[in-house]
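Trainee: I've just opened this one and I'm a bit lost. Can you walk me through some of it?

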Amino acid sequence: MTSAPENSPGDPTKQGKLYSSALAALEGISNDATVLVAGFAGCGIPQKLLRGLAESGVSGLTLICQGAWIQEPGDFTVADLVGSGQVKKMISPMPFHPVHGGAVKEQWESGELEIEIVSQGVLAERLRAGGAGIGGVFLPSSSGTRFAEGKEVRQYDGCEHVLELALKADFALLRAQAADTLGNMVYDGTARNWNPTMAMAAGVTVVEVDAVHHPGGIDPELVITQAIFIDRLVLSD
Amino acid sequence: MPGTHLEPASVAQRVSQELFSGAVVALGPGLPCYLPDALPDTSGVWFIADSGALGSKGGEAHGSAVDAGENSASLLSGGSFTGVVDVAGILRGGHTDIAVLQPSQVAANGDFVHWTSEETAGLFAPGSAVDMAYGAATVIAVMPHQYPGGRSNIVSQCSLPVDGAGRVNIIITDVSVIKVTAAGLELVETAPGWTAEEIIAITDAPLTVSSDLKGMTFNVPTLEPTNKVYSSAIEALSDVLEGSIINVDGFAGPGGMAHYLMVGLRDLGVKKLQLISNTAGVARVSAFGVPNIIDHSILVENNQVVKATASYPVSPSASRPSAFEEAYNRGETELEVVPQGTLAERLRSGGAGVAAFYTPTGAGTLLGEGKEARIIDGKDYILETGLRADFCIIRGYKADTLGNVVYKGTSRNFNPVMATAAEITVVEVDEIVEPGQLGPEEIVTPGLFVNRIVVRPADFSAYLEI
Amino acid sequence: MESLADKERLPREIMAMRVAKELPDGSYVNLGIGIPTMVSSFVPEGRTVFYHSESGILNCGPLAEEGNEDIDLINAGGQYLEPVGGMSFFDSAEAFAMIRGGHVDVTVLGSHQVSATGDLANWMLPQRGVGNVGGAMDLATGASGVIVAMEHTDRNGEPKIVQECTFPLTGKGCVYLIVTDLAVIECDGQGLTLKEVAPGWTPEEVQQLTGAKLTISPDIREFEL
């Protein structure tokens, strides 16, 4: 059963999507929220939004992200958010650098932080499924490993496939090079990483961008993430 | 006294000997990232970094590009960028020939543990290694032979949970080359200054010594890009066999349709084709086209089609039937009707190594009958399977000689999806350009999905003479 | 019945206008072929609606002027579009990820039949033996809201709103609003409520041409535009 969408002309998520600050753009986020954070290694991390999340003071967060592998001086990453005690769980394929460690490793060792390891391709596919209305997918890669334990397994083409269920979150924090005011986005190089997939898979999608153009300012052939997935924009510092 | 341990660059040179012209190579973090630097930029080898760089190389950085090991990276001319989910599809979907990984442990049976050590026991860092090792035909483990402190990284059995079961084929370390065989590990090469006995002494797994034991060498092979440009549609499709399954785009209208390749397929006359396509040829009988536009009908009328898998198989108007509908009504063709979104998702799945998926579309309808039904989180779903073809004929706007393709406007539709889901993908374009002339952010279909390119001749007409 | 069959009904433009009133400001909308396509011409002033099409375009512009047709810029109905700033292109997998993933707020579809519980049957007439499902099932299942715009009866005067669909279903219980040339009817998954009738028509007359029981809304009124 579908229903009539709310007609709320004052809804800022549908009117101009540009917000004045990270904190304003994160309005509605609550304790215990599940949050997708884009970024791969040091690339394409929504630092201003993460600072906003720290400032908001919400706690008990579950973060779904690539991990906290590196930390350049002056950077603000998920490790800082973990360090401030706001995170109770991380779902990640590479949560911290095995040698360099950091706040994530310390809190995991002390038992303050729960970590769920999901192989990178499985995590990406689960998020895409969540965003694309797919309930679950049978994937072959983790056959015979601990990632298959306790899950339904079926044979296709003579090899084992593992059922992985769709994953969605309350918020997604993304980073793009440029957007138009409608929310069409482009990225720079490998800063694309998790952004297009995470954009689909959250209730509220917030993007930190370096530049905002009027509609038409981005070549329609180059748009990677379409406006339909984007709720809020905030300019980076 | 054993020799010294090889530098990463030397190990990379040895690894390069395992590559071949046109190889698509997935690189994990760590030592594998040295590999692109070992080869000249003109080698034609595609390096895939799970960061989303396709065609990455070492050296100076592109503005915002990193390789799998978080190092700044640049792209080869003709390289492009994509997101993590598409990289996973490339890896899992069998589009890579070789995966090069740096495991922390490899066992005698080819099991490996990726980037996890005893310091972090209980916590594991699979990254993309699980997908890389699964999807590649050959998996090369590149690693120091020993852990700092002297313990062997090559073991009888992994002491930590594995990231890939029995996946490793070759181990190349800083002192040796070891093959993983059904009978166990076989030492085939040793580094300068090392004897087989010295290698055995520092290896914590049974090692047989090859009767053909050699010294490691570091010369880099001469590789060249594969030629993908064909002179005509007929030449590009000459090996299509009777009974082949063929992906054909043609959302409906004339824009995204490979008319020239369709004519080639008709002229070849190959029979019993099974088409996977959004329509089974309606452009001639719908508002999209005009009566003499070329569409799938030319194949149907030539008695070449025995089945269509389509979402929009027949004319919108029963009084103006298409050639396919007439053949279907005569009992000459089979038809599988698939909702359009399910068709797109089945093809995407076929290309991305997703065997099957649960979709809500079609649950409780005629098209859901006979399919597994499942309730997930209170919602009805049915199970649909991935779809792959033998050949794919698609229509691009421009391609470079490496097979990178861009499209135009709404003529993109099924083309990029289908390109990933066939053994041989042939693209018809208006123009072929040199690598580098299509921007890395602009490329929609990366060349690693494309096997053959033909130019639609300037004098080719998409209209039949009547 | 003779007199009802001859009685004047609303033109398609008025139906499209009535549907347009339902589209919220800032919403993402997919319009099916036929009457639904006309809806975009009647969106009330001051509202912005973004159109999605399965051909792989978001933020479709208006239909192209004659002489401006570009075969690489079409909607799912094969009509040529004008380029507009802020449009974007994507492939079919992405187009349907948007639909199935619930990112499209409203779809407006034509139909052969709609049932009392909001089942939709619009892709196949059994007598033809074959049908074009196209994107209809994905839209019916995936869009957040499904509005049906259709004639109240078929060519033979038979009701298209029925107790249970006899034609193959497109989606179960997916329709929340039906706009016909006689009436506006709400579906809540349990039954149908008659909210508005065309000028000159009584609720009883509409009920006579409807194959399912209509509950008459306490605030029933004439078509409001």
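Trainee: In the hairpin of strand 6 and strand 7 of chain B, which residue takes a positive phi?
Mentor: First, a caution: this is a predicted model, where local features need pLDDT of at least 70, side-chain atom pairs count only at pLDDT 80 or more, and totals for chains, interfaces and linings use all residues. Residues are numbered from 1 along each chain as its sequence is written, while chains are lettered from A and ligands numbered from 1 in the order in which they are written. Strands here are DSSP runs of E with at least two residues, helices are H or I runs of at least four, and both are numbered from the N terminus. This hairpin has 4 residues between its strands, and the one with a positive phi near 90° is B:Gly110.

Trainee: How many bridges join strand 6 of chain B to strand 7 of chain B?
Mentor: Two strands pair if DSSP finds at least two bridges between them. B:Pro103 stands opposite B:His114 in strand 7 of chain B. The two strands run antiparallel, and the number of bridges is 3.

Trainee: And what is the bridge partner of B:Ala107 in strand 9 of chain B?
Mentor: Strand 6 of chain B also runs parallel to strand 9 (residues 154-155) of chain B, with 2 bridges joining them. The partner of B:Ala107 there is B:Val155.

Trainee: Where chain B touches chain A, which helix of chain B gives the most residues?
Mentor: Contact means C-beta atoms, placed from the backbone, within 7 Å. Chain B puts in 50 residues and chain A 51. On the chain B side, helix 3 (84-92), helix 4 (129-135), strand 18 (356-359) and strand 20 (379-385) each supply at least two. The top contributor, with 5 residues, is helix 3 of chain B.

Trainee: Which residue of strand 18 of chain B does A:Val137 stand opposite?
Mentor: Strand 6 (residues 136-139) of chain A pairs with strand 18 of chain B in the antiparallel sense, over 3 bridges. In that strand of chain B, A:Val137 stands opposite B:Phe357.

How values were computed: Contact = placed C-beta atoms within 7 Å.
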